[in-house]
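Subject: Handover of a structure and notes on it

Dear colleague,

Please find the structure below, followed by an account of what was found in it. I would be grateful if you could read the account with the structure open beside it.

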Amino acid sequence: MNKFIMLNAKRSGSNNLMNSLHHLTRTKMVWMDSPPDIWKTFGLSFSNDEFYLNSNISNCFDEIFQSNSGMKLNWDEPGYLDVVDKFLDYPVLKILTYRKNIFEKVISEMLAIQTGHWIGSVGVHRQHKRDYKFDKLDYDEVKSWMDRIYNETLFMLEQVNDREDIKVFSYEDLFDRNIYTDRHRQNYFSLVKFLNVEKTENEIDSIRAEFIEPRQCYKTDQTYQNIANFSELEKLKDYLLI
């Protein structure tokens, strides 16, 4: 298979997507946002914090790809847009993910920060999605985040426009919480083909069903009702869409 960097926006389905590729290919991969106990298992000479601060990121990439077929990092981490050219110019394939629905991305990000459940088992997530009573979210802060993320996403899409070494997917291209269509399936297959993964259709479908189909997505509409001031925030639903 072709080596790759997954450049993902937070809350764009990238953990499920990366896990699907990891299990499909059975190759080693690196998650740059891993907690310390998991990071140690990658056997790298630098910490993920040191990567963020490293003036020669290419050396870090070289070490990662000596023994790994893929890695993922959040392009919307603070400061990363200033050095995004170093990510884009490294000589492996790139996958870029983002979310068209800016409102859902911001709410998802804020709730993940509020609960501390950024990543975790599906069961833990679903408990928070169904039953957890969320604190009030500041309306002006949500609106400000939406403005920032909208502009950052447009910037990233401009950087990768017409590049053959980069495959771009929105969350909505690959996932749907309710109606999963053949379009979603074909988009996943196009990604597998882009990476030159040699697996049968049945093998790909099996992994895709395990990680990508609607039962792995969270019922966000239910979650919204558990936010103390959702009736106020709802006014921002269609404020910005990509």
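Strand 1 is mostly covered, since 5 of its 5 residues are buried, where buried means under 20% relative accessible area, exposed over 50% and partly exposed in between, with a 1.4 Å probe and protein chains only. From strand 1, F4, M6 and N8 point one way and I5 and L7 the other way, and all are buried. Helices (H or I, at least four residues) and strands (E, at least two) are DSSP runs, numbered from the N terminus.

Please note that this is a predicted model, in which local features need pLDDT of at least 70 and side-chain atom pairs count only at pLDDT 80 or more, while totals for chains, interfaces and linings use all residues. Residues are numbered from 1 along each chain as its sequence is written, and side-chain values use heavy atoms, with hydrogens and water left out.

Strand 1 and strand 3 run parallel and are joined by 5 bridges, with L7 opposite L73 in strand 3. Strand 1 also pairs with strand 4 in the parallel sense, again over 5 bridges, and here N8 stands opposite T97 of strand 4. Strand 4 (residues 93–98) pairs in turn with strand 5, in the parallel sense and over 5 bridges. In that pairing K94 stands opposite I166 in strand 5.

Axes are lines fitted to C-alpha atoms, for helices over the stretch in contact, and angles run from 0 to 180 degrees between N-to-C directions. Contact means heavy atoms within 4.5 Å.

Helix packing

Two packed helices are described by the angle between their axes and the distance between the axes.

Helix 1 passes helix 10 in a right-handed crossing; a crossing is left-handed if the near helix is turned anticlockwise from the far one by less than a right angle, and right-handed if clockwise. In this contact L17, S20, L21 and L24 of helix 1 meet Y188, L191 and V192 of helix 10. These residues divide into 6 nonpolar, 1 polar and no charged, where Ala, Val, Leu, Ile, Met, Phe, Trp, Tyr, Cys and Pro count as nonpolar, Asp, Glu, Lys and Arg as charged, and the others, Gly among them, as polar.

Helix 1 contributes N16, N19, S20, H23 and L24 to the contact, and helix 11 contributes E203, I204, I207 and F211. The contact comprises 4 nonpolar, 4 polar and 1 charged residues.

Helix 6 (residues 102–115) and helix 8 (residues 139–160) have axes that come within 9 Å and cross at roughly 120°, which makes helix 6 oblique to helix 8. Helix 6 passes helix 8 in a right-handed crossing.

Individual residues

D147 is in helix 8 and counts as partly exposed, at 26% relative accessibility. D147 touches Y239 and L240, not counting residues up to four places away in sequence. D147 and Y239 are 92 residues apart in sequence, yet their C-alpha atoms are 9.4 Å apart in space.

R26, in the loop between helix 1 and strand 2, has a positive phi near 55° although it is not glycine.

Notes. Parallel < 35°, antiparallel > 145°, perpendicular 65-115°, else oblique. Pairing = 2+ DSSP bridges.
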